[in-house]
Amino acid sequence: MQLSGITGVRYTVEAMTRTDVQLMLDVKAGDDSSFDFLLQKYRSPLVNFLYRMVRDTATAEDLAQEVFLRVYRARKQYTPSAKFTTWLFRIATNLALNSVRDTRYQKMSVSLDAPADGEDSAPLELPAREKRIDQKMIERDRMEMIRRAVWGLPEKQRAAVLLHKYEEMDYAEIAKILECSESALKSLLFRAYETLRVQLAPLVVQPSTAGRRLAGSVQEGRSL
Amino acid sequence: MNCNDVSKGLIAYLDRRANSAERQEIEQHLVACVDCRRRAEEFRALWSVMEEMPAIEPSFAFDARVRQRVAAEPARKWFEWMIPQPRLALSAALLAVLAVWMVKTSPVNQRVAPTTASIQQEDFNAIKNLDVLENYDVVTSMDALSELAPANPADNGPQNQNETVPATE
């Protein structure tokens, strides 16, 4: 399963030309190197998705390993009835939802009710004396605020947002992963983004400027 | 299209997945509705802000641990194909129960045959001596009749049996 040198490069190029389904069918036929390629291709998206779901690096890695192990175990029964990523992220989503429910990660969620209500309670509103704060600290705080807002979403909404925003999946695929209709998914996404819009209001652009800009783009016949 | 309708299609519009008809309707509404226009722009800004969410990299040991766990998987046995899958086993069991139930509740098997046979036997018993009863010679030669006065040979028939009794009187 190890790749090395020219052979490894040639193998990688060959593997890249094959679709995920073809690779998985090769795994089914006993080609472990195709499994290795799938592992390298999807380990990072999976670990990130799971990390954003369960909020813990070690747990995310354990769950990602479990996903790959289940894929490997199921290789003999694999039939290409759906996209490989749909199958992969469906396993990951189910594992993540079970993990979140079992370990009660919600206890760790931080209340984000206050920041959207006013400037006084916004955690990122810096006092005047700290205006010289390092830019990295600001960025870190912004990232932390975004992360907490996403983590504060209900589990299914969170999964929908992560698959939509970060994995850039289409509605049909996300709906299959979450086992709901596309219509239900659109409602789910709207509620989730509406919550985030309120929670992260201090970070989004000024509405007045934005509204004028959007109106201009719409009137010019340009879609967002 | 009102604000509620727009909210249902706004996400698809913003990520360019709405069809042309939906897009046109939403755009017309956005031109006229300040609130929806503001919301749309804030969604767009939100997505931009969400790009800042950091990604993490799997640990260096990740691949090795996956390979280790894969290697620890027990090898498949040659007879494994014979072991039924749980769903298959459940389906087969349900099918067997259904088949037994259908056989038991089938009208063919509700002792209709014995009942029919017994009815036929009773009918047979009823008619098997019918020829004897209808045989006038046998009836007339019965011993009981011998005690009676000789019947008029001209009168021969079942109805004469009744008529012979008054004749003795």
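Analyst: Let's begin with the word contact: two residues are in contact if their C-beta atoms, placed from the backbone, lie within 7 Å. Please keep in mind that this is a predicted model, where local features need pLDDT of at least 70 and side-chain atom pairs count only at pLDDT 80 or more, while totals for chains, interfaces and linings use all residues. Residues are numbered from 1 along each chain as its sequence is written, and chains are lettered from A and ligands numbered from 1 in the order in which they are written.

Where the chains meet, chain A brings 41 residues and chain B brings 41 residues. On the side of chain A that touches chain B, the elements giving two or more residues are α3, α4 (57-73), α6 (135-151), α9 (182-199) and α10 (207-219). Here helices (H or I, at least four residues) and strands (E, at least two) are DSSP runs, numbered from the N terminus. Of these, α10(A) gives the most, with eight residues.

Now for what lies behind. Chain A has 10 helices and zero strands. Leaving out residues up to four places away in sequence, A:V67 touches A:L46, A:L88, A:I91, A:A92 and A:L95.
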